[in-house]
Amino acid sequence: MMRKANAKLMKHINLNNVREVMQQIETATKPQLASLTKLSVVTINALVKELYNRGELFEDKVVPSNGGRPAQAYRYNYNYRLALVLYIQEMKGEELISATVINLENEVLSKEECILPVLDKQHILQLIKQCVTSYPSIHRIGIGIPGQAVDGDITVSSHDELINSRLIQDIQSEFGLKVLVENDVNAAISGYCIQHEEMKEQCVTGIYFPNRYPPGLGIMLNGQIMQGKNGMSGEIKYLPSAPNWKAKMNDDEFLLQVCQIIQTINAIVAPHQIVIYQERVEIEQLEAAWKQYQMEHPMPTFPEVVYQGTFQKDFDAGLRWMILQELRETILEESI
């Protein structure tokens, strides 16, 4: 019994070895795989057959050899498993719902967007149904939300319609797919660090100031998101003396709030960088306000403040990276 278990485990390890190599190089012959994985040709033959039968590999062109027998090349099927990435974002006073289907190579296969006057759970479920019906290979759903979920229940959100809406439970129940829920600012700052390799081992924070909702904070430390208890790290709308973010605010009031939040974060975390996402005022106004504020409020050290033009790019990159990490892990865990 122990010998069978060990043999099964070894096969699983070898299978994942071949998977990872094929995902990296995309196409290879069996002799090339044997060389790259350090496995015997006999073992490679059995593993390639297994992956081919699953649909994870498919036959590519026949490669001529130097005087020997031509070899069959195999290509990795990046559409073997797909992910659906959803995000909910405020845009010009309305709700933007986006649904993107991506494959294991992070290639976009489909993208649907709709703008709603108010958030509507049934519309979101209908959008998911369209995607899952069109792409049955979807195995994971990733959702970026302006808030936090605890055990699948959205308990905190700047969008009141999402709180205790059972959106996540309804998605999992209706479609039988596991859902990864991530805070929008956490996803954005992850996406920023992914695109700036030099910041991965440092402390980087991101602050997002939507136009008509409270701000949110994400903290990356040594390449990891600081989640806090129940994932509640970064809920800066609960800071003492926080204003009513949904009320109208003039530019001077807004600039003062931004500077005070930067000072607070710097005093507590002392990050290398603070990335600011906002579209309320011109960047030049914010730069000038922060420069003046530093002169009036000296501190031992100040972070580099980066003003990102759009939140969407980093948000999308981070959320897609997160769901792909999980999707790849599920493939590696598949039983043999």
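Two strands count as paired if DSSP finds at least two bridges between them. Helices (H or I, at least four residues) and strands (E, at least two) are DSSP runs, numbered from the N terminus. The model is predicted, so local features need pLDDT of at least 70 and side-chain atom pairs count only at pLDDT 80 or more, while totals for chains, interfaces and linings use all residues. Residues are numbered from 1 along each chain as its sequence is written, and side-chain values use heavy atoms, with hydrogens and water left out.

Five strands make up an open sheet with mixed pairing, in the order β13-β12-β11-β14-β15. Its edge strands, each pairing on one side only, are β13 (224–225) and β15 (304–308). Strands β11 (residues 203–209) and β12 (residues 216–221) are antiparallel and share six bridges. Within this pair, Gly206 has Gly218 of β12 as its bridge partner. Helix α8 (residues 283–296) packs on the sheet and touches β14 (273–278) and β15. A contact here means heavy atoms within 4.5 Å. The direction of α8 makes about 165 degrees with that of β15. Such axes are lines fitted to C-alpha atoms, for helices over the stretch in contact, and angles run from 0 to 180 degrees between N-to-C directions.

Strand β14 runs parallel to β11, to which six bridges join it. Thr205 stands opposite Ile274 of β14. The pairing of β14 with β15 is also parallel, over five bridges. There, Ile276 stands opposite Tyr307 of β15. Six of the six residues of β14 are buried, so the strand is largely enclosed by the rest of the structure. Buried means under 20% relative accessible area, exposed means over 50%, and partly exposed lies in between (1.4 Å probe, protein chains only). In a regular strand the side chains alternate between the two faces of the sheet. In β14, Gln273, Val275 and Tyr277 point one way, and Ile274, Ile276 and Gln278 point the other way.

In α5 (residues 167–175), the buried residues are Leu167, Ile168, Gln169, Ile171 and Phe175. Gly176 follows α5 and has a positive phi, near 65 degrees. Ser190 belongs to helix α6 (residues 184–195). Ser190 is buried, with a relative accessible area of 4%. Not counting residues up to four places away in sequence, Ser190 touches Met220, Ile225, Gly318 and Met322.

A second open sheet has three strands in the order β1-β3-β2, with antiparallel pairing. Each of its edge strands, β1 (27–29) and β2 (57–63), pairs on one side only. The twist averages 35 degrees from one strand to the next. Strand β2 and strand β3 (residues 71–76) run antiparallel and are joined by five bridges. Glu59 stands opposite Tyr74 of β3. Helix α2 (residues 30–37) lies across β1 and β3, at about 100 degrees to β1.

The structure holds eight salt bridges. A salt bridge is a side-chain nitrogen of Lys or Arg within 4 Å of a carboxyl oxygen of Asp or Glu. Arg75 and Glu26 form one of these, at 2.7 Å from N to O. This pair links distant parts of the chain, 49 residues apart: Arg75 lies in β3, and Glu26 in the loop between α1 and β1. Arg75 is partly exposed at 24% relative accessible area, as is Glu26 at 27%. Asp60 also bridges to Arg75, with the closest N and O atoms 2.9 Å apart. Asp60 lies in β2 and Arg75 in β3, so the pair ties together parts that are 15 residues apart in sequence. In helix α3 (residues 41–54), Arg54 and Glu50 are four residues apart, about one turn of the helix. Their closest N and O atoms are 3.6 Å apart. Lys11, Glu50 and Arg54 are linked in a network of salt bridges.

Most residues other than glycine have a negative phi, and most peptide bonds are trans. Asn106, in the loop between β5 (94–102) and β6 (108–116), instead has a positive phi of about 65 degrees. Ala270, in the loop between α7 (251–268) and β14, has a positive phi of about 50 degrees. Asn106 is partly exposed at 31% relative accessible area, and Ala270 is partly exposed at 42%.
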